[in-house]
Amino acid sequence: MASVLASLHPEDTVYGDVGDATVPLRFSSFPQEYQVLRERAAVLDLGGHRLIEITGPAAVDFAQRVLARDVEYLTSDRCMMSLVLDESGQVVDQVVAFGREEGLLLESSCGAGARLLDHLLAHAEEGAEIADRSADLTVIGLEGPYAWGVVGRLIDGELASLPFESVVDTTWNGVDIVFARTGYTGEYGYQMIVPRQAAPGLWAGALEHAQAAGQEALELAMLEVRQPIPRHEATPGASVIEIGANWLVDITKDDFVGRAAVLEAFETGGGLRTVGFTGCEGVPAPGTRVLAGGQDVGEVVYAVQSAGLGATLGLARVDPELAAAGLGLTVGGVDVTTLTSPYIVPKSWSIPII
Amino acid sequence: MALRPVVVTGLGIICAAGRNPEEFWTRLTTARGGLAPIEDEAFAVFTARHAGQVPDEWIDAQLPAGEQAGDRTARLALVAARQAVEQAGVEQAGPARAAPAPDRFGIILGKCQATPGPAGRYQPMHHTADVVAERLGLRGPRILVSTACAAGGNAVGLARDKILTGEADAVLAGGVDPLLFGTYAGFAGLQALSTGPCRPYSRSDGLNLGEGAAFLLLEPLDLALARGVTPLAEVAGYGLSADAYHATAPDPTGRGGASAVRRALAEAGLTPGDVHYVSGHGTGTPANDAMEAKVMRLVFGERAARVPTSSIKSFVGHTLGAAGAVEAVASVLALRHGVAPPTIGFDDGAQADLDYVPNQARAMPIDTVVSNNYAFGGNNVSLVLARPRDPVPYEPAPRRQAVISGLGPVTGAGTGIAETAAAIAAGRRAAGQAPSLEGRTFAPRSLWRHMNRLSRLAIAASRLAWEDAELKLPRKALDDVALVFATGAGSAESTGGFDDSIALNPNKPAVLSFSNVVLNATGGAVCQTLGLRGPTTTLCNGAASASIALDCALEMIDAGKAEVVLVVAADETPARPAPGGASAPFEDDGPVPYGAEAVEPVTGSGAVAFVVESADHCAARGGRPYARVAGTRHAAGEGAEPVARSLALPGAAPGLVVGAATGLPRDGEEAAAVLARMPGALLTASAALIGDCQAATGAMNIALAALAVRDGLAPALTGLTAPLAGDRGSYVTRPELAGPMASALALTAAHDSVRGAVLLEAV
């Protein structure tokens with residue numbers, strides 16, 4: 001699946017395949033795009049996020065069964081992030097669920113839409129219609145400490161200070177769009193769900209007030225605030241507790257697909273835990289062993305070079321007692337220190353919306 | 001044609017910045033504030049010590065020493081109330097200055113806190129209003145409104161409504177709250193107090209609490225002129241709204257506040273361009289001040305910077321339930337004198353893109369003032385006060401047919417109307433039994449698990465009423481759905497938990513409980529959960545709260561402010577320990593209402609919601625209403641006298657009366673009055689089914705009267721052998737009535753305060 005905006009992006013845009021999607025990894029320079037996101041305001045082409053609509057009389061019951069969090073009363077002015085699990089408690093995807101008047105709209109994570117759709121169809125129930133809306137809708141994001149200013153100039157200043165996870169049906173340039181206050185990076189974040197034919201105009205309009213940032217800058221900024229990125233973190237066999245995504249499930253719900261497995265993981269308390277680390281030279285590969293006092297205690301989930309820290313930043317999955325900040329471990333023979341999240345303090349935390 | 005103009009003819013105030021309106025205004029215009037460190041050693045435990053206190057001698061010099069001794073709340077209120085009455089000249093009866101008849105002279109009081117009496121125990125919320133009414137001889141509409149810090153302004157708006165409906169010729173509207181240690185500790189625990197005098201709109205580092213009382217005497221312009229008194233200002237309109245956002249924090253977008261201002265201006269027939277000055281809430285907390293700036297920009301747009309807005313809280317502190325009335329008094333004086341009071345303590349170095357009238361009063365033409373208040377629970381109020389006009393021809397306030405279209409009882413007798421009807425049909429009695437919410441969460445779990453018991457009950461009742469009405473409204477329509485919450489005492493669980501935490505350590509208050517101590521917190525939680533952003537208020541007149549709330553709902557529908565109003569009543573007392581464990585049946589169901597053996601009611605907990613809808617709206621969507629609201633009536637006063645007065649509903653000949661009896665000896669007064677006036681009616685009471693659940697029992701009476709009208713079912717007084725009045729033949733002794741009732745009357749009673757009657761008829 002290619003972005004509807006691809007024809008608008010600069011010729012030298014570097015694309016990459018993420019799951020089932022081909023997405024812009026960087027438009028020009030990764031460090032510059034990262035800096036824009038952390039210092040000013042970035043526009044994001046989220047065309048790799050698939051939109052799946054659930055409607056019909058059983059829509060809410062169905063969504064309540066396939067989503068791990070509580071969406072029974074998700075009204076059309078709210079959205080929330082939730083995991084979608086399979087029966088064994090493995091992560092199928094991490095979605096943003098938007099309440100709608102006639103049901104829900106699910107936004108997949110980048111490149112995971114086909115898998116999500118297959119999973120939903122496999123669990124389909126009578127009375128719940130499942131429709132892939134990606135042929136007529138796409139998503140454009142805004143992220144950054146001054147993203148709220150872009151919202152004011154682009155659409156309406158009243159929308160900028162919406163509470164987190166609020167949704168408004170509004171118009172841009174006469175086109176109906178769904179506007180949401182969300183955020184992946186700890187900065188002020190917004191998403192606009194827009195008809196594909198209007199997307200180029202909205203993208204161009206947004207670029208008048210902000211600069212585009214690609215998937216690489218976005219994912220680094222997500223990691224820096226420990227926003228889960230399922231394609232890197234949901235490794236085969238890992239439970240939601242091992243991944244550290246407990247907050248994306250609600251075991252007080254009576255039932256949902258995968259609940260029994262999650263409950264068992266909670267009750268047994270076994271397995272590893274995920275913790276951030278920094279300190280080593282270079283970027284260790286996923287699976288690199290992690291040692292503590294010479295003992296093998298786990299492995300690297302993934303790591304990158306963090307522009308915010310000016311150092312390597314990674315996630316390690318280790319024995320539970322070692323998943324704490326400030327401990328010295330060894331990764332590939334090099335000393336690292338474990339961290340508490342967020343690993344950088346977003347600028348938005350000290351900038352009020354005016 | 002315009003509605004009858006309602007004007008202010010008397011002002012009264014006592015607060016840290018003055019003991020009467022003259023002194024208050026002099027100090028406002030000469031920038032002499034009244035904030036000072038609290039000298040009471042008990043407060044030495046707190047870092048923040050500044051507050052707006054009223055010197056005792058200011059009160060003592062204006063009241064006889066013995067009058068309401070030990071009840072500072074009542075004494076503050078009496079001082080201000082007498083000043084307002086005196087200025088309006090309504091006590092000076094004579095040919096030229098006819099005083100309003102006592103039955104047509106009301107009081108609507110705003111109050112945020114439950115306040116202690118001389119013995120230190122909490123008084124009923126409405127007690128202060130009762131004291132003032134009794135001292136001044138007021139027997140007209142009597143309402144205690146408790147929308148926390150918006151209550152004082154809300155009271156002025158409700159008073160206007162009572163004059164427009166024709167129920168009153170004069171209403172004393174105001175607010176009162178004393179400085180209480182517990183409340184101080186609560187605000188300190190929320191980190192909301194400034195360590196020095198507060199500095200709204202510039203430093204915004206926290207608020208100072210204050211105390212005081214303020215009243216405005218409202219009457220129709222034509223009556224004021226006929227009495228030969230000078231109208232000081234017209235109460236041109238008011239607007240209420242719910243943020244539906246958070247228990248304590250304001251909606252950061254300012255949507256809720258802006259919506260209240262827009263509604264107020266619409267009611268006044270004015271536009272933002274007509275506004276000359278805005279009296280802001282201006283507490284000095286960062287969240288409030290930032291939100292208010294957004295309200296100014298949303299409402300006034302490009303003009304925002306040119307509309308002076310100031311806060312007088314740096315003069316008097318935040319007087320909570322009195323604040324809206326204190327600021328309304330200041331606004332009336334601003335109109336009269338053509339001077340905008342300043343925001344004192346304003347940091348001259350602060351960058352401000354709005355005109356906060358910093359530090360110096362400003363003479364300017366002022367014909368229209370908007371006065372705003374924003375409260376815990378997400379309740380907002382905006383008042384529009386205008387220079388009085390010349391008398392104009394006016395038309396009576398419009399009346400619209402309204403129906404009750406959904407019922408949501410949550411009591412020991414059942415959760416939802418189906419379970420309740422089954423319990424009635426089976427002749428079950430459940431007095432004192434705790435309602436069950438097992439098996440269903442009625443709100444998103446992330447909210448539900450942090451909610452106190454009363455909020456859960458009220459939310460369950462609201463959702464069940466909504467579902468029973470089969471209302472399916474899109475998000476946009478919910479922005480105009482109104483909510484009126486009725487409660488006698490609010491959450492006993494949160495109040496108790498908070499008080500216990502203060503007793504242990506005033507510096508470690510249970511802040512979550514504190515946010516639920518305000519009486520409107522439960523109503524706010526309902527709005528937040530159901531996403532209702534229409535007009536909202538909270539009324540606290542004991543067991544009469546629900547019928548007064550229904551009145552308020554009808555006024556909203558009449559005035560076109562809402563097509564759908566959810567009325568929710570809830571109260572709680574600790575459940576009776578069952579003799580053999582929680583699941584064991586009760587052997588003693590308590591006294592039978594109207595029975596000669598009745599000594600004391602069985603108290604309980606419950607929430608009852610009903611949907612009130614304009615008949616047009618209900619018909620247009622194909623709803624199936626229970627009953628039409630044919631009339632309501634309230635009578636205030638002590639003793640048995642108001643009982644008969646409350647029953648004097650024109651044309652009422654109900655087949656069934658669901659009475660306010662709870663199992664007290666004085667139930668006989670009501671039975672005798674009903675049997676005398678309505679000899680053809682059968683009498684019953686919902687307390688037979690659920691016991692005395694205060695406001696919820698009053699609401700249950702209305703709900704069960706509606707059920708009887710549509711479905712011909714009513715709770716039987718099983719076990720009634722010797723009635724206090726009449727014989728058994730006058731009472732419901734089996735649940736199936738002869739059939740659906742053509743009309744039924746529901747009664748409510750806050751004894752020695754106010755009684756209500758609601759007449760329902762078949763649609």
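At what angle do the axes of helix 3 and helix 4 of chain B cross? The answer is roughly 45°, with the axes coming within 10 Å. This is a predicted model, in which local features need pLDDT of at least 70, side-chain atom pairs count only at pLDDT 80 or more, and totals for chains, interfaces and linings use all residues. Residues are numbered from 1 along each chain as its sequence is written, while chains are lettered from A and ligands numbered from 1 in the order in which they are written.

**The helix pair in chain B**

- Helix 3 covers residues 72–88, and helix 4 covers 127–136; helices (H or I, at least four residues) and strands (E, at least two) are DSSP runs, numbered from the N terminus.
- Axes here are lines fitted to C-alpha atoms, for helices over the stretch in contact, and angles run from 0 to 180 degrees between N-to-C directions.
- Helix 3 and helix 4 of chain B are therefore oblique to each other (under 35 degrees is roughly parallel, over 145 roughly antiparallel, 65 to 115 roughly perpendicular, and the rest oblique).
- Their crossing is right-handed, meaning that the near helix is turned clockwise from the far one by less than a right angle.
- From helix 3, Thr73(B), Ala74(B), Ala77(B), Leu78(B), Ala81(B) and Val85(B) meet Thr128(B), Val131(B), Val132(B), Arg135(B) and Leu136(B) of helix 4; contact is called when C-beta atoms, placed from the backbone, lie within 7 Å.
- By class, that contact has eight nonpolar, two polar and one charged residues (Ala, Val, Leu, Ile, Met, Phe, Trp, Tyr, Cys and Pro are nonpolar, Asp, Glu, Lys and Arg charged, and the others, Gly among them, polar).

**Domains of chain B**

- Chain B splits into domain 1 (2–389) and domain 2 (402–761), with bounds from an automatic or database domain assignment.
- The centres of these two domains, taken over C-alpha atoms, sit 31 Å apart.
- Across the contact, 41 residues of domain 1 face 42 residues of domain 2.
- Helix 4 turns up again here, as one of the elements supplying at least two residues to the domain 1 side; others include strand 6 (142–145) and helix 8 (255–268).
- That domain 1 side has 20 nonpolar, 16 polar and five charged residues.

**Domains of chain A**

- Chain A has domain 1 (6–50 + 135–224) and domain 2 (272–354).
- Their centres, over C-alpha atoms, are separated by 28 Å.
- The contact takes 15 residues from domain 1 and 13 residues from domain 2.
- On the domain 1 side, helix 1 (30–39) and helix 7 (215–224) give two or more residues each, and helix 1 has the largest share, four residues.

Definitions and conventions: Two residues are in contact if their C-beta atoms, placed from the backbone, lie within 7 Å.
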